[in-house]
Amino acid sequence: MPPRDVCDQACGNLFDRTPYAIDKALEFSKREEEFIKRAGFVLMAELAVHDKKADDLVFIRFFPIIEREAWDDRNFVKKAVNWALRQIGKRNGTLRPLAIQCAERIQQQDSKAAKWIAGDALRELRK
């Protein structure tokens with residue numbers, strides 16, 4: 001199984017259901033290693049889908065981290081950052097406009113990866 005699949009399956013079928021998933025998402029998103037960093041953002045995306053009881057503040061806390069890491073042009077990282085942003089925005093009507101605002105700020109960054117992340121997220125979130 002490719003590393004991306006192992007990362008995504010572990011995050012989406014196990015780690016996101018643990019009591020330390022939020023802390024690990026925050027911790028992993030700061031790491032330099034590609035698949036550990038990806039895991040942080042996959043956890044954010046999977047929490048947005050699976051943790052129905054989580055307060056919106058959990059996800060609002062993720063927006064500055066998504067913005068901070070949007071420069072990372074490694075394919076598996078930028079796609080996970082984008083995934084997290086889109087899933088949080090699709091969670092509910094409160095988070096959607098906040099995700100759109102986050103994407104608009106990311107779009108202003110001087111980074112090809114950031115512009116891709118923002119453009120792709122805005123296309124989906126503005127539908």
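Trainee: In this predicted model, which residues does asparagine 82 touch, not counting residues up to four places away in sequence?
Mentor: Asparagine 82 has its place in helix H6. Its relative accessibility is 2%, so asparagine 82 counts as buried. Beyond four places in sequence, the residues that asparagine 82 touches are Trp116, Ile117, Asp120 and Ala121.

Trainee: At what angle do H6 and H8 pack?
Mentor: Among the residues of H6 that meet H8 are Asn82, Leu85 and Arg86, and the H8 side includes Trp116, Ile117 and Asp120. H6 passes H8 in a right-handed crossing. The axes of H6 and H8 are 9 Å apart, and the packing angle is about 30°.

Trainee: Is H6 roughly parallel or roughly antiparallel to H8?
Mentor: The angle between H6 and H8 is about 30°. Angles under 35 degrees count as roughly parallel. That angle therefore makes H6, relative to H8, roughly parallel.

Trainee: How many nonpolar, polar and charged residues does the contact of H6 with H8 have?
Mentor: The H6 side includes Lys78, Lys79 and Val81, while Ala113, Ala121, Glu124 and Leu125 are among the residues on the H8 side. By class, the residues of this contact divide into seven nonpolar, two polar and six charged.

Trainee: What separates the C-alpha atoms of asparagine 82 and alanine 103?
Mentor: Asparagine 82 is in helix H6, whereas alanine 103 is in helix H7. The two residues are 21 residues apart along the chain. Their C-alpha atoms are separated by 9.2 Å.

Trainee: Is alanine 103 buried or exposed?
Mentor: Leaving aside neighbours within four places in sequence, alanine 103 is in contact with Leu85, Ala118, Ala121 and Leu122. The relative accessible area of alanine 103 is 0%. Buried means under 20%, so alanine 103 is classed as buried.

Trainee: Are H7 and H8 roughly parallel or roughly antiparallel to each other?
Mentor: Helix H7 (residues 95-107) packs against helix H8 (residues 112-125) with the axes 8 Å apart and an angle of about 150°. The crossing of these two helices is left-handed. Angles over 145 degrees count as roughly antiparallel. H7 and H8 are therefore roughly antiparallel.

Trainee: At roughly what angle do the axes of H3 and H6 cross?
Mentor: Helix H3 (residues 34-50) passes helix H6 (residues 75-91) in a left-handed crossing. H3 and H6 are therefore roughly parallel to each other, given their angle. Their axes come within 8 Å and cross at roughly 15°.

Trainee: How many polar residues does the contact of H3 with H6 have?
Mentor: Phe35, Phe41, Val42 and Leu47 are among the H3 residues in this contact, and the H6 residues include Phe76, Trp83 and Ile88. By class, 15 of the residues are nonpolar and six are charged, and the polar residues number two.

Trainee: How many disulfides does a search of the whole structure find?
Mentor: The sulfur of cysteine 7 is 4.4 Å from that of cysteine 11, the closest cysteine sulfur, which is too far for a bond. Cysteine 7 counts as buried because its relative accessibility is 8%, and cysteine 11 counts as buried at 1%. Across the whole structure, the number of disulfides found is zero.

Definitions and conventions:
Residues are numbered from 1 along each chain as its sequence is written. This is a predicted model: local features need pLDDT of at least 70, side-chain atom pairs count only at pLDDT 80 or more; totals for chains, interfaces and linings use all residues. Side-chain values use heavy atoms; hydrogens and water are left out. Axes are lines fitted to C-alpha atoms, for helices over the stretch in contact, and angles run from 0 to 180 degrees between N-to-C directions. Helices (H or I, at least four residues) and strands (E, at least two) are DSSP runs, numbered from the N terminus. Angles under 35 degrees count as roughly parallel, over 145 as roughly antiparallel, 65 to 115 as roughly perpendicular and the rest as oblique. A crossing is left-handed if the near helix is turned anticlockwise from the far one by less than a right angle, and right-handed if clockwise. Contact means heavy atoms within 4.5 Å. Ala, Val, Leu, Ile, Met, Phe, Trp, Tyr, Cys and Pro count as nonpolar, Asp, Glu, Lys and Arg as charged, and the others, Gly among them, as polar. A disulfide is a pair of cysteine sulfur atoms within 2.5 Å. Buried means under 20% relative accessible area, exposed over 50%, partly exposed in between (1.4 Å probe, protein chains only).
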